[in-house]
Amino acid sequence: MTKIAILGANGRLGRVVAKAFIDAGFDVRTVTRTGKVPAELAGATAVAGDALDRQSLIRAAEGVDIIFNGLNPIYTDWGKCLPMAENVMAACHANNALHLFPGTVYNYGSPMPAVITENTPFHPTTEKGRIRCAMEELFRREADAERVRTILLRAGDFFGGTGSGSWFDLVVAAKIGKGVYTAPGPADLVHEWAYLPDFAEGFVALARNLDKLGSYEALNFPGHAVTDVEIKAAAEKALGRPLKMTSMPWWVLRAGSPFVAMWREIVSMSYLRFEPHRLASTRLEGIIGEIPHTPLDQAVARSLEDIGIATGKGMKAA
């Protein structure tokens with residue numbers, strides 16, 4: 001049985017990916033600083049490991065075949081990203097483990113390409129974009145040196161899954177209980193979203209098709225390239241009632257950004273909400289077959305349920 005270690009298993013992405021690999025029959029080890037994980041991951045073996053302590057991480061991943069790198073510090077702590085990535089490379093190399101990694105669209109900078117393919121060149125224009133590019137350069141160097149094999153799957157903004165910390169729960173759905181849908185940008189602008197259960201299934205499918213992949217692969221995951229008008233309609237269908245559309249007050253964040261570190265970091269990435277973009281792939285379907293894609297109405301309904309918002313009869317999460 002293939003053994004996989006999930007780093008960052010307490011995070012929103014990590015726990016959804018861990019659950020997908022458990023359900024798929026993999027031998028799953030969840031690695032967190034405390035060694036504790038949510039009850040939903042009871043089918044995994046929980047171990048403690050500190051991503052900023054190289055030897056601790058090497059020990060935590062001992063004997064695994066695959067390491068899924070779900071480490072993602074909060075926006076104000078992104079100085080930790082590259083040291084963590086270096087430690088993950090060391091853990092993969094020490095254990096001869098393949099590296100699975102979730103990529104972002106930060107690498108492409110502003111102005112955003114309207115359509116992002118696997119061949120679109122990077123053009124980072126923010127510190128976070130430059131950090132992401134540096135991480136991917138590190139992964140490619142390790143692969144070229146035949147030390148660590150990396151398979152990267154790139155996605156847009158996340159929605160779905162339990163926990164908090166995404167644009168969907170912090171902004172879009174924050175006032176839905178009061179009948180208000182909050183658009184983070186222009187309501188008719190196309191934005192790339194990834195429904196996390198679909199994204200996780202994409203990683204499982206890649207892990208089952210490693211013989212079709214090289215030593216370094218960077219693939220796109222086309223999720224839901226939709227507007228806020230479309231997401232609002234799906235939410236209204238799930239709730240069985242109309243919602244008022246309002247806009248995120250960016251002016252408040254911009255005015256306060258010199259004084260609030262988190263607001264400053266969010267504002268630095270605000271272009272993502274004002275420039276249309278979507279992901280396209282010329283290769284993923286040929287590798288894994290049909291790309292996981294839950295219809296938008298179902299994905300939004302289940303995402304609302306995941307964050308504790310009751311939907312109409314027949315629309316609850318499966």
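Lys-80 is partly exposed, with a relative accessible area of 34%. Here buried means under 20% relative accessible area and exposed over 50%, with partly exposed in between (1.4 Å probe, protein chains only). The model is predicted, so local features need pLDDT of at least 70 and side-chain atom pairs pLDDT 80 or more, while totals for chains, interfaces and linings use all residues. Residues are numbered from 1 along each chain as its sequence is written, and side-chain values use heavy atoms, with hydrogens and water left out.

The side chain of Lys-80 meets that of Asp-77 in a salt bridge, at 3.7 Å from N to O. A salt bridge is a side-chain nitrogen of Lys or Arg within 4 Å of a carboxyl oxygen of Asp or Glu. Asp-77 is also partly exposed, at 29%. By this rule the model holds 11 salt bridges.

Another salt bridge joins Arg-154 and Glu-136, at 2.9 Å from N to O. This pair links distant parts of the chain: Arg-154 sits in strand β7 and Glu-136 in helix α4, 18 residues apart. Helices (H or I, at least four residues) and strands (E, at least two) are DSSP runs, numbered from the N terminus. Arg-154 and Glu-136 are both buried.

Arg-283 forms a salt bridge with Glu-217, and their closest N and O atoms are 2.7 Å apart. Arg-283 lies in the loop between β14 (278-279) and α10 (284-288), and Glu-217 in strand β11, so the pair ties together parts that are 66 residues apart in sequence. Arg-283 is partly exposed, with a relative accessible area of 32%. Glu-217 is buried, at 9%.

Helix α4 covers residues 127-144. Its 18 residues reach 26 Å from first C-alpha to last, close to the expected 26 Å. The expected span is 1.5 Å times one less than the number of residues. The buried residues of α4 include Ile-131, Cys-133, Met-135, Leu-138 and Phe-139. The buried residues of α4 pack against β4 (66-69), α3 (81-95), β5 (98-103), β7 (150-154), β11 (216-220) and α9 (261-268). Just after α4, Glu-146 takes a positive phi of about 60°.

The largest nonpolar core has 66 residues. A nonpolar core is a set of buried Ala, Val, Leu, Ile, Met, Phe, Trp, Tyr and Cys residues joined through side-chain atoms within 4.5 Å. Those with the most contacts inside this core are Ile-67, Phe-139, Phe-168, Ile-176, Trp-193, Val-300 and Leu-304. Helix α3 gives the largest share, 7 residues. Apart from this core lies another, of 38 residues, among them Ile-6, Ala-18, Val-204 and Ile-291. Contact means heavy atoms within 4.5 Å. Beyond four places away in sequence, Phe-168 touches residues including Phe-158, Trp-193, Ile-231, Val-300 and Leu-304.

An open sheet of 3 strands has the order β8-β10-β12, with mixed pairing. Two strands pair if DSSP finds at least two bridges between them. The edge strands, β8 (157-159) and β12 (224-226), each pair on one side only. Strand β10 (residues 191-195) runs antiparallel to β12, and 3 bridges join them. In β12, Val-226 is the bridge partner of His-191.

Lys-232 belongs to helix α7 (residues 228-239). Lys-232 is buried, with a relative accessible area of 15%. Beyond four places away in sequence, Lys-232 touches Tyr-181, Leu-243, Lys-244 and Met-245.
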